[in-house]
Amino acid sequence: MRKLIFLLKMLDFLVASTLLFPFGFLSVIFLEVFRRRHNNAHVEESAIFEDPKSLKQVPCPCIFDPAEKYLSLVIPAFNEEHRLPGALYVTMDYLLKRAAKDKSFSYEVVIVDDGSRDGTKKVAFDFVKKYGFDNVRVILLGKNHGKGEATRKGMLHSRGELLLMLDADGATKVTDLEKLENQICAVVRKENRTRDPAAGDTNLRISDVPVVAFGSRAHLEEKALAKRKWYRKFLMKGFHFVVLLTAGPGVRDTQCGFKMFTRSAARKLFTNIRLKRWCFDVELVYLCKWLGIQMLETSINWSEIPGSKVNLLSLPNIVWELTLMTIGYRTRMWKVSS
């Protein structure tokens with residue numbers, strides 16, 4: 001009899017747990033979605049520029065200000081003291097040579113230190129000292145928020161007409177930015193051909209046309225040239241399927257860390273984005289569709305660099321962020337401002 005009573009109590013407990021767990025999980029999700037209903041309210045720290053010569057904090061420019069440079073390169077970095085120097089040397093070499101050939105070309109490199117615990121900050125400031133504060137700037141986030149938040153902060157405080165997001169590992173050839181740039185320029189030229197000077201229409205600047213160009217590694221996957229570890233292949237295949245369900249078709253490679261935005265596109269997207277980590281790229285695609293921002297995709301050269309932070313432990317966070325995004329936008333708790 002006692003065993004029967006014990007078994008019945010265990011059964012009641014299991015039934016109650018089975019019913020309460022989904023309810024509790026959904027409650028946590030809706031609470032987090034509700035908490036993030038205001039744009040970027042989940043991050044309170046303000047961005048800081050620091051001049052390494054004077055050690056003074058310098059006010060950050062704002063994405064709503066007029067552009068002061070032609071091109072901004074935004075590099076989010078977390079514990080990248082070993083991979084960042086090589087990528088920066090190649091990047092600066094390209095930018096300096098291009099500026100020497102074209103006197104109208106102006107640029108800045110914005111390194112966003114996402115709360116690194118190694119020597120990333122020192123590496124970044126060494127480049128500021130070498131190339132000058134006007135050309136290389138460092139934003140310190142203080143603590144780690146995630147690649148999405150680091151990218152958002154860099155974009156919102158850049159001065160370029162065109163803004164390029166690129167990874168700190170140097171996996172993509174920086175010269176490929178011209179592929180993205182040329183595609184955007186073609187769209188702007190086409191837009192200007194439709195304007196009527198007789199009606200008082202003036203030509204649009206490249207910064208005025210909302211366009212995003214996505215670098216893509218899809219061609220490498222098809223030709224089996226992109227060598228990845230098995231768990232990364234598993235994650236990417238599963239991730240692509242989930243992305244198709246959440247954001248829909250449109251971009252084959254959402255996760256490539258090489259994307260170019262016009263200033264008007266960056267302004268609309270990064271003042272609305274809420275996800276902080278791996279899935280912010282998917283949210284960008286979703287927001288482009290919502291806001292009617294034209295998306296382009298072009299093949300780039302890419303090679304895998306050792307030291308990637310994507311692993312099997314990333315999977316729970318990926319599922320978490322995609323769930324938040326889906327519920328946030330489908331329930332209209334996450335408002336989008338244009």
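The accessible surface of the protein comes to about 17,100 Å², and 60% of that area belongs to carbon and sulfur atoms; accessible areas here come from the Shrake-Rupley method with a 1.4 Å probe, and for residues only the protein chains shown count as cover. The model is a predicted one, in which local features need pLDDT of at least 70 and side-chain atom pairs count only at pLDDT 80 or more, whereas totals for chains, interfaces and linings use all residues. Residues are numbered from 1 along each chain as its sequence is written, and side-chain values use heavy atoms, with hydrogens and water left out.

Of the 338 residues of the protein, 51% count as buried, where buried means under 20% relative accessible area, exposed over 50%, and partly exposed in between (1.4 Å probe, protein chains only). The secondary structure comes to 10 helices and nine strands, which are DSSP runs numbered from the N terminus (helices are H or I, at least four residues; strands are E, at least two). Among contacts between residues at least 6 apart in sequence, 82% join residues at least 24 apart, a contact being heavy atoms within 4.5 Å.

The buried positions are R263, S264, A265, A266, L269 and F270, and they pack against α4 (147–156), β6 (160–166), β7 (211–216), β8 (258–262) and α9.

Strand β8 also holds M260, which counts as buried because its relative accessibility is 0%. Leaving out residues up to four places away in sequence, M260 touches L71, L162, L163, L164, L177, L180, E181, I184, V211, V212 and A213. For L180, which is 80 residues away from M260 in sequence, the C-alpha to C-alpha distance is 6.5 Å.

Two packed helices are described by the angle between their axes and the distance between the axes. The axes of α8 and α9 come within 10 Å and cross at roughly 105 degrees, the axes being lines fitted to C-alpha atoms, for helices over the stretch in contact, with angles running from 0 to 180 degrees between N-to-C directions. The two helices α8 and α9 are therefore roughly perpendicular to each other; angles under 35 degrees count as roughly parallel, over 145 as roughly antiparallel, 65 to 115 as roughly perpendicular and the rest as oblique. In this contact, K268, L269 and F270 of α8 meet L284, L287, C288 and L291 of α9. By class, the contact of α8 with α9 has six nonpolar, no polar and one charged residues, where Ala, Val, Leu, Ile, Met, Phe, Trp, Tyr, Cys and Pro count as nonpolar, Asp, Glu, Lys and Arg as charged, and the others, Gly among them, as polar.

Helix α9 (residues 280–291) also packs with helix α10 (residues 315–330), at an angle of about 20 degrees and with their axes 10 Å apart, and α9 and α10 are therefore roughly parallel to each other. From α9, the residues F280, V282, E283, Y286, L287 and W290 meet E321, L322, M325, Y329 and R330 in α10. These residues divide into eight nonpolar, no polar and three charged.

The last stop is E32, which lies in helix α1 (residues 2–35) and is buried, with a relative accessible area of 13%. Leaving aside neighbours within four places in sequence, E32 is in contact with W320 and L324. The C-alpha atoms of E32 and L324 are separated by 7.6 Å, although the two residues are 292 residues apart along the chain.
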